[in-house]
Amino acid sequence: MSTYDLLLRGGTLVTAESVFPADLAIAEGQIVEIAPELTGSSREIVDARGLHIFPGLIDAHVHFNEPGRTEWEGFITGSRALAAGGVTAFFDMPLNASPPTLDRASFALKYQAARANSLVDFAFWGGIVPDNLDCLEELAECGVIGFKAFMSNSGIDDFAAVDDVTLYEGMLRAAQLGKIVAVHAENDQMTSTLSQQAIAQGKTGIRDYLASRPVIAELEAISRAILFAQEVGCALHIVHVSTGRGVAMVAEARLHGINVSCETCPHYLVLTEEDMERLGAVAKCAPPLRSQSEQARLWEHVRAGNVQFVTTDHSPAPEALKQSENFFAVWGGISGCQSLLSLLITEGSQLPLSQIAALTSAGIASRFQLGSHKGHVCVGADADLCLVDLNVHFRLEPEQLYYRHQQSPYTGRTMRGRVVRTIVRGSTVFHNGNFTTHRGQLITVATM
Ligand SMILES: NC(=O)N[C@H]1NC(=O)NC1=O
Ligand SMILES: [Zn+2]
Ligand SMILES: [Zn+2]
């Protein structure tokens with residue numbers, strides 16, 4: 001009889017392919033057996049009857065701001081929120097921390113902070129800005145997951161937007177290094193000029209902000225990035241696509257064999273322009289929330305499989321930065337990394353559970369070539385799992401949030417599916433509101 005470390009008995013497994021009842025056994029941090037009724041002895045047995053066992057989610061886009069702006073969000077608070085939401089790994093963006101992740105030294109600071117404080121596994125994006133092209137090679141050596149560039153103003157002075165030449169040359173180098181380039185795609189000239197004009201005319205309300213970042217600004221930047229990537233032969237990823245039309249451009253390019261993918265975020269799927277008007281600063285983001293008709297088309301593309309994965313773009317800031325009469329001056333960024341799974345289960349009732357697993361784990365593992373050990377529920381994979389009770393409906397209250405700042409546009413919303421346990425490489429890191437000590441490790445990545 002085999003001896004396991006942990007046996008999950010009687011649960012319903014959710015994989016990117018299917019949903020089926022099974023026992024799951026873990027030893028030395030890995031899944032070692034999956035079968036209808038496992039009889040081996042185990043150090044610990046969890047009764048998973050009535051629960052769904054999802055692959056631990058991977059959030060490929062968060063801003064945890066440590067070091068340097070830990071008062072905005074840090075690895076302790078951010079990774080607790082993730083664990084409470086069933087997320088077992090995250091990719092941290094190269095900006096909003098100080099210094100931003102632009103070279104070997106800043107990568108080392110990030111790594112040390114995450115290693116000391118993160119409850120779950122992590123990887124890092126490096127940045128591309130106009131003056132760091134010569135540092136991309138050392139960032140690749142450090143093990144960044146890819147390179148992120150802003151095609152419009154990032155809101156952070158020490159992370160400048162790329163001009164076309166920097167983007168082109170950055171893509172050339174990324175292609176040589178076998179790394180993916182991710183872009184925040186909005187046309188800088190349009191968004192900057194429209195913003196300046198509105199502010200000069202004293203038009204600083206929420207509708208004015210929306211008007212300063214039209215859909216066409218996003219579509220133009222997506223098309224330019226795709227054109228560059230095709231020419232250069234670089235793998236491209238478009239972050240936080242806010243409209244179905246943006247996804248359609250990516251889908252069309254993929255049909256032509258261009259190596260491009262895209263993500264969207266829960267806020268574009270569940271909130272609209274009207275919500276931004278109603279909720280105010282807590283719902284400010286860029287690209288902004290869109291109309292109901294744009295949102296409906298975005299959902300169609302998600303259902304059709306044209307969006308490779310969903311991320312949260314969790315980008316919080318202290319309360320003071322969220323308060324201004326001038327909506328342009330308010331920090332743009334939505335806090336939501338704790339609610340990814342529950343939002344998709346609740347709002348994506350048309351999405352099969354398997355597709356939710358694909359969008360939150362397998363899709364990311366495959367795009368970033370994490371290997372079969374991450375993002376999959378199968379024998380030999382890391383035992384990164386979350387146990388969810390789909391029968392629970394709950395109202396999200398601010399005091400249930402583990403963020404550094406207990407604010408989110410999703411508070412007050414009734415959600416379905418409570419995460420009861422989160423397991424990282426075989427260790428329970430979250431269980432019914434309790435956390436263990438940190439456990440996170442850097443995810444090592446292949447070059448493409
Ligand atoms: N700097 C930063 O986090 N910006 C993010 N916030 C947001 O709403 N969109 C972004 O790109
Ligand atoms: Zn962005
Ligand atoms: Zn972001």
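Two residues are in contact if their C-beta atoms, placed from the backbone, lie within 7 Å. Keep that in mind for the stops below.

This is a predicted model, in which local features need pLDDT of at least 70, side-chain atom pairs count only at pLDDT 80 or more, and totals for chains, interfaces and linings use all residues. Residues are numbered from 1 along each chain as its sequence is written, while chains are lettered from A and ligands numbered from 1 in the order in which they are written.

**Stop 1: His-240**

Select His-240. It sits in the loop between strand 11 (236–238) and helix 8 (244–255). Helices (H or I, at least four residues) and strands (E, at least two) are DSSP runs, numbered from the N terminus. Not counting residues up to four places away in sequence, His-240 touches Glu-263, Thr-264, Cys-265, Pro-287 and Asp-313. His-240 is buried because 26 other C-beta atoms lie within 10 Å. Buried means 20 or more such atoms within 10 Å, exposed 12 or fewer, and partly exposed in between, with C-beta atoms placed from the backbone.

**Stop 2: the binding-site residues**

UniProt, in an unreviewed entry, places the feature "binding site" at Lys-148, His-184 and His-240. They spread over 93 residues of sequence, yet cluster in space, with a largest C-alpha distance of 12.4 Å. UniProt positions use the numbering used here, feature names are shortened, and annotations may be inferred rather than shown by experiment.

Now centre on His-184. It belongs to strand 10 (residues 180–184). His-184 counts as buried because it has 24 C-beta neighbours inside 10 Å. Leaving aside neighbours within four places in sequence, its contacts are Phe-150, Met-151, Ser-152 and Val-239.

**Stop 3: ligand 1**

Select ligand 1. It is surrounded by 13 residues, the closest being Cys-285, Ala-286, Ser-315, Gly-332 and Gly-333. A residue is near a molecule if its C-beta atom, placed from the backbone, lies within 6 Å of it.

**Stop 4: helix 8 and helix 11**

Show helix 8 and helix 11 (residues 292–303). Their axes come within 7 Å and cross at roughly 35 degrees. Axes are lines fitted to C-alpha atoms, for helices over the stretch in contact, and angles run from 0 to 180 degrees between N-to-C directions. Helix 8 contributes Gly-244, Arg-245, Val-247 and Ala-248; helix 11 contributes Glu-294, Arg-297, Leu-298, Glu-300 and His-301.

**Stop 5: the two domains**

Zoom out. Colour domain 1 (3–53 + 378–435) and domain 2 (56–367). These bounds come from an automatic or database domain assignment. The domain centres, taken over C-alpha atoms, are 27 Å apart.
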